[in-house]
Amino acid sequence: MEFGVFFFSASGEEAAQTYRMVLAAARRADELGLEFVSTPERHFHPFGGAFPNPAVMSAAIAAVTERVRIRAGSVVTPLHPVARVVEDFAMVDCLSGGRVDIAIGSGWNVNDFTLAPAEYEGRRERVVDDIATIREVWRTGAWSGVNPHGDPVRLDVHPRPVGAELPIWTTASRSPETFRRAGELGTNLLTHLENQDLDALADKVDGYREARADHGWPGRGKVTLMLHTCVGASSAEAEQLAGPWLKRYLLTAIDLEAAAVRSGGTMSGGKRGRDFMSSRRGRDKLAELGVNRYLDGASLIGSVADCAEVVRRAERAGVDEIACLVDFIGDRDAVLAGVERIAELRRVTAGEAVVGR
């Protein structure tokens with residue numbers, strides 16, 4: 001099992017402090033031999049709002065690290081011209097010496113699509129085309145488009161990246177069809193436990209890998225699972241630290257979902273709005289349920305030994321690497337100390353033979 005550090009801060013109003021913390025944690029993850037550092041794309045809300053442009057954040061991480069993979073995800077490609085996605089991440093690839101990965105998502109928040117209103121309804125279909133186009137442009141350095149006069153043009157795209165191929169992940173959570181589509185496209189897979197447990201995930205991973213094989217893609221693909229992470233000297237210590245921060249974090253996420261519903265969209269994962277989300281009591285209850293669920297084995301919040309057991313269960317479900325979401329905790333020193341313990345967890349679980357998928 002490999003481990004990386006995943007950022008998705010809910011402190012959009014304190015962006016400068018967030019960036020300093022991300023860069024410090026990225027340096028330490030690089031020194032400790034963790035596999036990757038991942039940052040998201042999010043717009044117009046404190047939940048993730050410090051990260052509107054993952055290419056810019058990735059470039060900053062490239063400047064302060066030497067070996068760790070630099071992963072952007074999920075990049076919501078329907079919000080952007082595909083050629084610009086390739087240009088931006090080819091530039092980061094050059095800055096980092098060929099260490100760029102990208103996770104791609106269709107987006108779900110109707111408010112984000114004020115940036116590209118015409119793309120909202122067909123966003124899922126467009127992602128399929130975007131993945132094919134990004135691969136081709138990355139590989140060939142040429143992009144076909146239409147100029148202002150309506151004439152078709154074929155243009156050279158610069159800079160040329162270091163890596164011959166761009167490692168791509170598809171983001172999936174609730175729908176088994178999205179897992180299978182990732183397999184059909186031959187991408188890696190990024191998922192989480194918001195709308196599923198590890199047993200359900202295992203079945204979806206099987207579907208993903210069957211679809212890969214059916215469509216002739218080599219290898220099994222890489223499955224990455226994002227987990228809220230706070231590894232402590234004891235489970236009691238970890239839960240005492242993480243619990244209040246996690247509730248605050250989930251309340252911010254619920255506010256984002258409610259804002260999307262009020263604007264005529266859906267919640268994440270395609271879920272429809274719920275009436276109780278409009279009340280403070282309802283949101284508070286939903287956040288408490290979320291905290292209890294995450295503390296009951298749906299996260300890496302606990303001692304090294306307890307978290308190691310969750311890692312073993314994830315591996316049996318077919319997971320290859322864990323993206324440790326660390327910055328739901330708003331204490332910089334605690335986040336940095338947590339990165340150290342992720343490296344300890346990696347050492348404890350390294351080399352263990354796990355029977356399963």
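Two strands count as paired if DSSP finds at least two bridges between them, and strands (E, at least two residues) and helices (H or I, at least four) are DSSP runs numbered from the N terminus. The views below come from a predicted model, where local features need pLDDT of at least 70, side-chain atom pairs count only at pLDDT 80 or more, and totals for chains, interfaces and linings use all residues. Residues are numbered from 1 along each chain as its sequence is written, and side-chain values use heavy atoms, with hydrogens and water left out.

**View 1. Strand S9 and its bridge partners.** Let's start with strand S9, residues 223–232. S9 runs parallel to strand S10 (residues 300–303), joined by 4 bridges, and here Thr229 has Leu300 of S10 as its bridge partner.

View 2. A nonpolar core is a set of buried Ala, Val, Leu, Ile, Met, Phe, Trp, Tyr and Cys residues joined through side-chain atoms within 4.5 Å. The largest one has 83 residues, and those with the most contacts inside it are Phe3, Phe7, Leu300, Ile322, Phe328 and Leu345. Helix H7 (residues 235–262) gives this core its largest share, 9 residues. Zoom in on Ile322: leaving aside neighbours within four places in sequence, its contacts (heavy atoms within 4.5 Å) include Met1, Phe3, Phe36, Leu225, Leu227, Leu300 and Val311. Another core lies apart from the largest one and has 21 residues, among them Phe89, Val100, Ile131 and Val137.

**View 3. The second largest pocket.** This pocket holds about 370 Å³ of space. Of its 19 lining residues, Ser9, Ser11, Glu14, Trp245 and Gly330 are the closest to its centre. On a 1 Å grid over the protein atoms alone, a pocket is an open set of points where a 1.4 Å probe fits, with protein on both sides within 12 Å along at least five of seven lines; lining residues have an atom within 4 Å of a point. Helix H1 (15–32) and H7 each supply at least two lining residues, and H7 gives the most, with 4.

**View 4. Backbone details worth a look.** The peptide bond from Gly73 to Ser74 is cis, with omega near 0 degrees, and Ser74 sits in strand S3 (residues 69–76). His158 and Pro159 are also joined by a cis peptide bond, with omega about 0 degrees; Pro159 belongs to the loop between strand S6 (152–156) and strand S7 (168–171). Phe44 has a positive phi near 65 degrees, in a residue other than glycine. Find Phe44 in the loop between strand S2 (36–39) and helix H2 (54–64), where Phe44 counts as exposed because its relative accessibility is 55%.

Methods: Buried means under 20% relative accessible area, exposed over 50%, partly exposed in between (1.4 Å probe, protein chains only). Grid points are joined across faces, edges and corners, and a volume is the space filled by probe spheres set on the points.
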